[in-house]
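Subject: Structure for your review

Dear colleague,

Please find below the structure I am handing over to you, followed by an account of what was found in it. I would be grateful if you would read the two side by side.

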Amino acid sequence: MRPVAFAHVDCDWYDPVTLCLGWLRDRMSPGGAIILDDYHDYGGARTATDEFIAANPGFAFEPGPNPVIRKL
């Protein structure tokens with residue numbers, strides 16, 4: 001399995017965002033970034049992201065217009 005350094009998640013809804021973040025969790029390289037396109041636009045995307053951050057202390061949330069999840 002090759003590591004992922006950058007991912008752009010643009011899925012809108014809870015289930016697809018949960019699926020993408022779960023798939024990326026073990027593949028992200030240290031310092032790797034996941035850009036979240038719809039965090040501020042769709043409640044499901046926000047909920048999925050917040051749950052992922054709460055359950056995965058090896059990742060940090062960086063707020064902004066398009067928030068970033070960074071692997072520590």
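I begin with T49, which touches V17, L21, L36, Y39, F61 and I69 when residues up to four places away in sequence are not counted; contact here means heavy atoms within 4.5 Å. T49 lies in helix α2. Helices (H or I, at least four residues) and strands (E, at least two) are DSSP runs, numbered from the N terminus. T49 counts as buried because its relative accessibility is 1%; buried means under 20% relative accessible area, exposed over 50%, and partly exposed in between, with a 1.4 Å probe and protein chains only.

Please note that this is a predicted model, in which local features need pLDDT of at least 70 and side-chain atom pairs count only at pLDDT 80 or more, while totals for chains, interfaces and linings use all residues. Residues are numbered from 1 along each chain as its sequence is written, and side-chain values use heavy atoms, with hydrogens and water left out.

The two helices

Two packed helices are described by the angle between their axes and the distance between the axes. Here, helix α1 (residues 14–25) and helix α2 (residues 43–55) have axes that come within 8 Å and cross at roughly 30°. The crossing angle therefore makes α1 roughly parallel to α2. For these terms, axes are lines fitted to C-alpha atoms, for helices over the stretch in contact, and angles run from 0 to 180 degrees between N-to-C directions. Angles under 35 degrees count as roughly parallel, over 145 as roughly antiparallel, 65 to 115 as roughly perpendicular and the rest as oblique.

The crossing of α1 past α2 is right-handed, a term used if the near helix is turned clockwise from the far one by less than a right angle. On the α1 side, the contact is made by Y14, V17, T18, L21 and R25, and on the α2 side by G44, A45, T47, A48, T49, E51 and F52. Sorted by class, this contact of α1 with α2 has 6 nonpolar, 4 polar and 2 charged residues. In that scheme Ala, Val, Leu, Ile, Met, Phe, Trp, Tyr, Cys and Pro count as nonpolar, Asp, Glu, Lys and Arg as charged, and the others, Gly among them, as polar.

V17, in helix α1, is buried, with a relative accessible area of 3%. Leaving aside neighbours within four places in sequence, V17 is in contact with V9, C11, D12, A45, A48 and T49. I53, found in helix α2, is partly exposed, with a relative accessible area of 22%. With the same exclusion of neighbours within four places, I53 is in contact with F59, A60, F61 and I69.

The nonpolar core

Which residues touch the most other members of the largest nonpolar core? Of its 15 residues, they are L21, L24, I34, L36 and I69. Such a core is a set of buried Ala, Val, Leu, Ile, Met, Phe, Trp, Tyr and Cys residues joined through side-chain atoms within 4.5 Å. At least two residues of this core come from each of β1 (4–9), α1, β2 (28–36) and α2. Beyond four places in sequence, I34 is in contact with A7, V9, L21, L24, M28, P67, V68 and I69.

Other residues to look at

D12 is found in the loop between β1 and α1. Although D12 is not a glycine, it has a positive phi of about 75°. At 21% relative accessibility, D12 counts as partly exposed.

L72 is placed in the segment after β4 (68–71) and counts as exposed, at 63% relative accessibility. Not counting residues up to four places away in sequence, L72 touches P30, P57, G58, F59 and A60. The C-alpha atoms of L72 and G58 are 5.5 Å apart in space, and the two residues are 14 residues apart in sequence.

P30 is found in strand β2 and counts as exposed, at 69% relative accessibility. P30 touches K71 and L72, again not counting residues up to four places away in sequence. P30 and G58 are 28 residues apart along the chain, and their C-alpha atoms are separated by 9.4 Å.

Yours sincerely,
A colleague
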